[in-house]
Amino acid sequence: VVSLSTTLVLVVVVSALLAWLVRSEQGSRWLLEQGLMLSPVTIEASGISGTLAEGLDIQSLTIALPAAEVRARAIKFSWSPASLLEGIVDINNARIAELSVDVVTSEQPKDPDNDPDQDRLFWLQIPLQIVIESGRLDRLRIEAAEFENLNLVGSIGHGRLDIETLAARTAGVDLQINGELAGPAPGRLEADASWQIPAENLNGSGSFSGDINELGFTQVANVPETVNFTGTIFDLFQSPSLRGVADWPGLRVPVETMLYSKAGRVSVSSDFRSAHLDGNSIIVLEGWPEAPVQLKALVDLQGISIETYSIETLGGQVSGSGQIDYADGLQGQLAIDGTQIDTALLHSNLPGWLGFEASLQIESVDNFSIDVKTANARITDIDLTGQARVHWRKGKPSAVDARIDAGANRLTADIKLGTELAGTINASAPELATLSPGLTGSLNASVSLGGSLEKPRGRVTANAVSVSY
């Protein structure tokens with residue numbers, strides 16, 4: 001009887017102590033601090049308030065892991081302590097204002113007998129099942145990548161991470177993910193994901209499947225035409241890289257343009273900071289015949305460096321290289337070299353060929369210029385050379401400066417195309433016979449321009465000597 005009474009007293013005392021620990025702020029703080037001290041990793045917490053029974057607030061939390069340092073600010077969560085009897089930590093509601101993850105790089109060489117890669121998924125091996133019924137993270141930063149408004153429902157423990165739903169926003173992109181990650185290391189991921197960019201009316205979806213060190217993916221993007229993207233992501237958790245292929249039956253750039261890409265295929269190789277592109281397509285410019293295109297380029301968040309491009313068009317080829325920057329507005333330059341262009345395809349009455357060396361100079365989306373450094377042509381058996389420079393301002397031609405030579409004959413133009421039309425066109429033809437068989441004599445003429453594009457005016461002066469045909 002004494003033993004039974006003693007046992008009952010102990011049960012009452014222990015129950016009262018546990019109730020005090022989980023229902024009082026002092027007891028809850030003591031339990032949490034003792035738990036942090038027993039953790040196999042370094043954990044520091046400050047600003048702890050509330051109770052384990054009704055919910056806790058933690059102002060700041062720092063966790064030092066072998067491969068990363070995690071910092072959290074303004075943590076609030078509530079849970080169901082009774083679920084511990086079933087080996088489950090049931091978190092009813094959790095919210096973190098800010099979570100930062102910084103990867104710790106080690107200068108020590110890898111020990112093949114003690115490779116930290118083998119422990120990369122140690123955090124999955126929690127001997128409890130942690131269930132998150134509702135989790136919200138206002139801001140997440142992993143190195144340079146930032147995410148906003150993360151909402152999570154899922155669980156972790158016993159070697160598995162289950163994501164029922166995960167919604168997030170990063171760089172204007174809304175993401176939705178569900179799936180599972182299972183250990184042991186390197187781990188296997190099976191997940192479905194969808195995304196959309198509301199500002200650009202773009203969206204896509206797909207799946208990820210495979211080993212973390214070699215993760216296959218399939219994505220379909222709607223831009224709004226369909227682009228299929230398949231490939232493999234390597235070493236996702238340490239130094240991720242990607243190799244894949246994008247292809248499409250037809251694609252129009254998602255801005256106002258007359259350019260259309262037909263039947264394209266591009267190989268992509270990326271380290272998630274930049275991407276190498278190598279591909280081909282058929283482009284269609286409204287009013288022009290289809291033209292096969294090949295491209296090699298390097299793309300990053302700052303711009304695109306075009307190693308080489310070539311377009312088979314008008315019986316010849318246009319090719320070049322260049323750099324287009326778009327991080328702070330659109331700027332850049334592009335070499336444009338044409339060879340063996342069939343001029344009869346431009347106009348049936350102008351049989352011959354054309355070659356040129358030119359460059360496109362981009363100051364902004366609306367302001368740019370084309371500089372034709374040299375042009376050589378043979379049209380209707382006449383040899384021509386020339387140079388030209390054309391400016392666009394606010395999307396409209398604003399100035400033309402050109403010169404065309406045919407033997408000793410020359411045509412020049414210096415025209416300003418603003419709200420008012422101004423400039424001159426001069427023709428000096430001391431050898432008219434060069435321009436057409438049977439034509440003789442010489443001619444000098446000048447046209448002074450005025451008025452506007454809608455209502456142009458001109459004054460012509462000419463001097464002809466012994467002209468006959």
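Predicted model: local features only at pLDDT ≥ 70, side-chain atom pairs only at ≥ 80, totals over all residues.
1. Tryptophan 288 counts as partly exposed, because its relative accessibility is 42%. The residue is found in the loop between strand S15 (274-285) and strand S16 (291-300).

2. Turning to charged side chains, the structure holds 20 salt bridges. In general terms, side chains of opposite charge can pair when their charged atoms come close. Three of these pairs, described in the next points, are aspartate 102 with arginine 71, glutamate 180 with arginine 160, and arginine 273 with aspartate 271.

3. Aspartate 102 and arginine 71 meet through their side chains in a salt bridge, at 3.5 Å from N to O. Aspartate 102 lies in strand S4 (residues 88-103) and arginine 71 in strand S3 (residues 68-80), so the pair ties together parts that are 31 residues apart in sequence. Aspartate 102 is partly exposed, because its relative accessibility is 22%. Arginine 71 likewise counts as partly exposed, its relative accessible area being 39%.

4. Glutamate 180 and arginine 160 form a salt bridge between their side chains, at 2.7 Å from N to O. This pair links distant parts of the chain: glutamate 180 is in strand S8 (residues 173-182) and arginine 160 in strand S7 (residues 160-170), 20 residues apart. Glutamate 180 is partly exposed at 30% relative accessibility, and arginine 160 is partly exposed with a relative accessible area of 34%.

5. The side chains of arginine 273 and aspartate 271 also meet in a salt bridge, at 3.4 Å from N to O. Arginine 273 counts as exposed, because its relative accessibility is 64% and the cut-off for that class is over 50%. Aspartate 271 is partly exposed, with a relative accessible area of 28%.

6. As to aromatic side chains, a search of the whole structure finds three aromatic pairs. One of them is formed by phenylalanine 208 and phenylalanine 217; this pair is tilted, with 6.3 Å centre to centre and 40 degrees between the planes. Phenylalanine 208 is partly exposed, at a relative accessible area of 21%. Phenylalanine 217 counts as buried, because its relative accessibility is 5% and buried means under 20%.

7. Phenylalanine 217 also pairs with phenylalanine 229, in an edge-to-face arrangement with 5.2 Å centre to centre and 75 degrees between the planes. Phenylalanine 217 lies in strand S11 (residues 214-222) and phenylalanine 229 in strand S12 (residues 226-234), so the pair ties together parts that are twelve residues apart in sequence. Phe208, Phe217 and Phe229 form one aromatic cluster.

Note on methods. Residues numbered from 1 in each chain as written. Heavy atoms only, no water. Helix = DSSP H or I, 4+ residues; strand = E, 2+ residues; numbered from the N terminus. Buried < 20%, exposed > 50% of the residue type's maximum accessible area, 1.4 Å probe, protein only. Salt bridge = Lys/Arg side-chain N within 4 Å of Asp/Glu carboxyl O. Phe/Tyr/Trp six-rings, centres within 6.5 Å; stacked < 30°, edge-to-face > 60°.
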